[in-house]
Amino acid sequence: MTDARPLRVLSLNIWNRQGPSDERYALIRRGIEALEPDVVGMQEVLSDGSYDLATEIAGRLGYAVVFGTAKALGGPYAFGNAVLSRLPMRERALVPLPDAGTEERRSLLAVDVDTPWGPLPFLTTHLAWRFHHGFVREQQVVALATWIKDELPIRDDTLPPVLTGDFNACPEATEIRFLKGLHAIDGQSTFLADCFGEVGAGPGYTFDASRNPYAAYTHEAPRRIDYVFVRGPDKLGRGKPVTCRVVLDEMVDGVAASDHFGIYAEIDMTRR
């Protein structure tokens, strides 16, 4: 039995424990309650080995949580990504990404979600952050695309995979153009639909020093660097972006939910 409504997806970098975290996490919880996403990709999640910030933020909302380490911080502590789901899910893989010798460890977390439309491969990641490390991000997106091609072949009995995350790159960057099928790297190419690029309105800035006090210290120009991608629509019409917008972008009593704004997408997964 299928569901006529679209799949609802949220991606958010939660800015680990920085700033007034209790107040920020309350805003994130409020946003999740209002948006009711089916699946959430979170970045900059901290874990002490037995408990993680994603569980602290959303566990009480009834979401299952899977955490994936990107780098160890010493002792039991780790920094990484998480997936939250209102639907049954199980971890598929935790894939280390290349760092090109920079020792800025990053990873891809992949889970399988049981949705009303069928099994969904859902992925989240967080790429290298420095402006001058575009060459690192290029290696990372090639590794992502290779893993998706090898591990998630196109099949009628599996939904098109959804990839979320903080990519630390603007839409015109080579690494994002590569993911969108607009640029080849080392003789390789791929295609994922950028949901905001296809159906969003406005600039879609998710890191905006002019509006977000927690981003202001960087003095950076506003940028769109957080994404929801989907490998679709496929030949059955599944994976078509319906709507996409920036969310969790309001200040409440001078507090923002994170130094990043969130990106929310609705994706049609119904067979046509």
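**Note on cysteines and pockets**

1. C244 is buried, with a relative accessible area of 4%. Buried means under 20% relative accessible area, exposed over 50%, and partly exposed in between (1.4 Å probe, protein chains only). C195 is buried too, at 0%.

2. This is a predicted model: local features need pLDDT of at least 70, side-chain atom pairs count only at pLDDT 80 or more, and totals for chains, interfaces and linings use all residues. Residues are numbered from 1 along each chain as its sequence is written, and side-chain values use heavy atoms, with hydrogens and water left out.

3. The structure has 0 disulfides (pairs of cysteine sulfur atoms within 2.5 Å). C195 is in none; its nearest cysteine sulfur, that of C244, is 5.4 Å away.

4. The largest pocket has a volume of about 390 Å³. On a 1 Å grid over the protein atoms alone, a pocket is an open set of points where a 1.4 Å probe fits, with protein on both sides within 12 Å along at least five of seven lines; lining residues have an atom within 4 Å of a point. A volume is the space filled by probe spheres set on the points.

5. This pocket is lined by 21 residues. E44, W129, N168, Y217 and D259 lie nearest its centre. The lining has 6 nonpolar, 7 polar and 8 charged residues. Asp, Glu, Lys and Arg count as charged; Ala, Val, Leu, Ile, Met, Phe, Trp, Tyr, Cys and Pro as nonpolar; the others, Gly among them, as polar.

6. The second largest pocket holds about 270 Å³ of space. Its lining residues include L27, R30, V246 and D249. They divide into 8 nonpolar, 1 polar and 3 charged.
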